[in-house]
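This report describes how parts of one model pack together and what surrounds its open space. Please keep the sequence and the structure in view while reading.

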Amino acid sequence: MIELDETDRQILRALVQDATQSAVALGRKLGLSQPATWRRIRRLETAGVIRGRRLRLNAEALGFGVTVFLGVKLARKGQVSLEDFERAVSAIPEVQTVEHVLGLYDYRLRVVARDLSDFERVLRRRIMTLPGAGDVEANVLLSEERLPGPIG
């Protein structure tokens, strides 16, 4: 674990709000020079604190108005490898995330669809036909609030 000071935390908070900020702009906000800001960001990246910067698309603006969290229980554990299931489910374009979890279900999927009938099509024709797919539980997302998480 890397030791973070208050300036590191301020940099992380600022980047969580807008990861596209340049080191110059970020340094100005925090009273640091561009090289000092860049060195700190690089140190946080090298230490694995910053694992990358992602582009977040608005699924609804792209025509995908429904998001469903799907719990999937494998039907025949041991007969189908986890890797085979993960590889197959990851190839479905509507599946945004695949999480192997501990609990009632083996996997938690985040699936986007144009509407509920489109989700039903994805579920029936793509997900339920996967090797080892068994019981499923669907939870339709009503609203979402993104929180940055703890920063030291």
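## Basis of the model

This is a predicted model, in which local features need pLDDT of at least 70 and side-chain atom pairs count only at pLDDT 80 or more, while totals for chains, interfaces and linings use all residues. Residues are numbered from 1 along each chain as its sequence is written, and side-chain values use heavy atoms, with hydrogens and water left out.

Two packed helices are described by the angle between their axes and the distance between the axes. Helices here are DSSP runs of H or I with at least four residues, and strands are runs of E with at least two, numbered from the N terminus. Axes are lines fitted to C-alpha atoms, for helices over the stretch in contact, with angles running from 0 to 180 degrees between N-to-C directions.

The axes of helix 1 (residues 6–17) and helix 3 (residues 34–46) come within 11 Å and cross at roughly 80 degrees. The two helices are therefore roughly perpendicular to each other (a term that covers 65 to 115 degrees). In this contact (heavy atoms within 4.5 Å), Thr 7, Asp 8, Ile 11, Leu 12 and Leu 15 of helix 1 meet Arg 40, Ile 41, Arg 43 and Leu 44 of helix 3. By class, the contact has five nonpolar, one polar and three charged residues; Ala, Val, Leu, Ile, Met, Phe, Trp, Tyr, Cys and Pro count as nonpolar, Asp, Glu, Lys and Arg as charged, and the others, Gly among them, as polar.

## Helix 2 against helix 3

For helix 2 (residues 23–30) and helix 3, the axes come within 8 Å and cross at roughly 105 degrees, which makes helix 2 roughly perpendicular to helix 3. Here Ala 23, Val 24, Leu 26 and Gly 27 of helix 2 meet Gln 34, Thr 37, Trp 38 and Ile 41 of helix 3, and the contact has five nonpolar, three polar and no charged residues.

## Arg 87

Arg 87 is found in helix 4 (residues 82–90), and at 55% relative accessibility Arg 87 counts as exposed (over 50% relative accessible area, with a 1.4 Å probe and protein chains only). The C-alpha atoms of Arg 87 and Val 98, which are eleven residues apart along the chain, are separated by 9.9 Å.

## The largest pocket

The lining of the largest pocket divides into 18 nonpolar, eleven polar and eleven charged residues. Helix 1 gives the largest share of this lining, four residues.

How values were computed: Angles under 35 degrees count as roughly parallel, over 145 as roughly antiparallel, 65 to 115 as roughly perpendicular and the rest as oblique. Buried means under 20% relative accessible area, exposed over 50%, partly exposed in between (1.4 Å probe, protein chains only).
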